[in-house]
Amino acid sequence: MANDPIHQFQITKLLPLDVNGVDLSFTNSSMFMVATVVLTSVFLLWSTGGRGLVPSRSQSLSEIAYEFVAGMLRDSAGSQGMKFFPFVFSLFMFILVANMFGMFPYFFTVTSHVIITVALALAVFLTVLIVGFGKHGFGFLKLFVPSGVPIAIMPLVVAIEVISFIARPISHSVRLFANMLAGHITLKVFAGFIVSMSTMGAVGVVGSLLPFAMTVGLTALEFLVAFLQAYVFTMLTCMYINDALHPGGH
Amino acid sequence: MSNSDQRDQLEERLKSLDSRLRENDQKRNSGNKKSDNVNFSNAIRLSTEFVVAILVGVGIGWTIDRFFGTAPWAMIIFLPMGFIAGVRNIMRAAGLKTGSQVGNDDVKGNNTDRK
C-alpha cells in the first residue's frame, strides 16, 4: 500500500541464505549498511589521498569530521581517550551516514531498527566494562560509590547508581532508534495527507498546501535530527569511555 | 611628521584594537556559552534518560519478584529507586553537580572542580 507509513521499515530478503537453521540472508538493511561503510571508507580514502597542505574541498570536509570527533573525545576523555578514536570515529561516521542515507526517498534507514542501535550501544557498553575492569580491576566499582555519602544510606545510593548504569545502554540505543523511527513516520504521514487531501476537489488541493508546508519543514528538521543523533550518540560514547578510564573522576 | 610620531600612533591604534578584541571575547564568553546544537542535544537526551531509568527499575523489580516469588514487594522497592535514578540522571545531564561519578557530564567544568 502506498500510504502505509510503516511500510518503509520492512525488511526484505535480497539474497536468502540459511546456515544450519540460522537466517543469514542478505537483506535490504544489510545492503544499506554495506553502502554506508563503503561510501564512508571510499570518501575518506579518496579525499585524504591527496594529502595537500592546502586541503581541497573534500579533504577539508574529512578534516572537519576528524577535528569534530577528536575535539569531542579529547574534551570529555582527555588525551588518554584518543586511543579509542578509531572506534568513536567509526561509530560517528556510520551513524551519520546511515541517518543521511535514510533521508533519500525510497531508501532504507538502517538506524530506525532497534536491533542495530542496540548492537552499537552494547559495543560501547562492553568496551566500557572491559576497559574499566581491565585497567582498574575492582577499582572500577568506585564508579558506583559517590564520595562523601554517609555509610547509612550507602546501599541505597549504590543501588540507584547501578540502576542508572544499567539504564545507559538502553537509553543510548532507544534514543537513536526512536528518533529516527518517529521522524520518518511523521514525515510519511504528513506527506500522505497531501495526497489524500488533493483528491477532494479544489478545496482539498488548496488545503493540501498546509501539510505540504509541514512536510518541507519536517524534512529540514529531520536533517538536523539526523546529524544531532549521531552527535549525541558519539558524545555519550565519549563520556562513557571517560568513566571507564577515570572511574574515580580524576 | 616624524617617524617616532607615526610609531606612537600605530602603537595607540594597536592598543585600542587589543582592548576591543578583549571586550568582544568577554562578551562572547559571558553570554551564550553553549551553542544551540548542544542545547538541542541536551533536550533530546533528558526525556529518554528519565523514562529509561524508571523502566530499568521496574524491570529489576519484576525480575526479582518472578524469581523469588516476592511479588509485589521488589517492584514496590525498585520502582521508586528507578524514579530517583531518573531524576539523578536528569540533574546530571542538566549539568547540576550531584557528587556522583556515573555520567559526569559537562566534563570540562567537573574536571576543574575535582582537581
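Before we click on anything, a word on how helix packing is described here: axes are lines fitted to C-alpha atoms, for helices over the stretch in contact, and angles run from 0 to 180 degrees between N-to-C directions. Also, this is a predicted model, in which local features need pLDDT of at least 70, side-chain atom pairs count only at pLDDT 80 or more, and totals for chains, interfaces and linings use all residues. Residues are numbered from 1 along each chain as its sequence is written, while chains are lettered from A and ligands numbered from 1 in the order in which they are written.

**Stop one: a pair of helices.** Select α4(A) and α7(A), whose axes lie 8 Å apart at an angle of about 20 degrees. That makes the two roughly parallel (angles under 35 degrees count as roughly parallel, over 145 as roughly antiparallel, 65 to 115 as roughly perpendicular and the rest as oblique). Helices (H or I, at least four residues) and strands (E, at least two) are DSSP runs, numbered from the N terminus. The crossing of α4(A) and α7(A) is right-handed, meaning that the near helix is turned clockwise from the far one by less than a right angle.

Now show side chains. On α4(A), pick A:Val124, A:Val128, A:Val131, A:Gly132 and A:Lys135; they meet A:Thr237, A:Tyr240, A:Ile241, A:Asp243, A:Ala244 and A:Leu245 of α7(A). Two residues are in contact if their C-beta atoms, placed from the backbone, lie within 7 Å. By class, this contact has seven nonpolar, two polar and two charged residues (Ala, Val, Leu, Ile, Met, Phe, Trp, Tyr, Cys and Pro count as nonpolar, Asp, Glu, Lys and Arg as charged, and the others, Gly among them, as polar).

**Stop two: another pair.** Go to α2(A) and α3(A), whose axes come within 10 Å and cross at roughly 125 degrees. These helices are therefore oblique to each other, and α2(A) passes α3(A) in a right-handed crossing. Select A:Ala65, A:Val69, A:Ala70 and A:Leu73 on α2(A), then A:Phe85, A:Val88, A:Phe89, A:Phe92 and A:Met93 on α3(A), to see who makes the contact. How do these residues divide by class? Nine are nonpolar, with no polar and no charged ones.

**Stop three: the core.** Color A:Val88, A:Phe92, A:Ile95 and A:Cys238, which have the most contacts inside the largest nonpolar core, a set of 38 residues. Such a core is a set of buried Ala, Val, Leu, Ile, Met, Phe, Trp, Tyr and Cys residues joined through C-beta atoms within 7 Å. A residue is buried if 20 or more other C-beta atoms, placed from the backbone, lie within 10 Å of its own, exposed if 12 or fewer, and partly exposed in between. Helices α2 (57–77), α3 (85–102), α4 (114–136), α5 (154–198) and α7 (209–245) of chain A each supply at least two of its residues, and α7(A) gives the most, with 11. Apart from this core lies another, of 12 residues, among them A:Ile160, B:Ala53, B:Met81 and B:Ala85.

**Stop four: A:Tyr231.** Look in helix α7 of chain A for this residue. A:Tyr231 has 21 C-beta neighbours inside 10 Å, so it counts as buried.

**Last stop: zoom out.** Chain A has seven helices and four strands, and 32% of its 250 residues count as buried. Chain B has four helices and zero strands, with 23% of its 115 residues buried.
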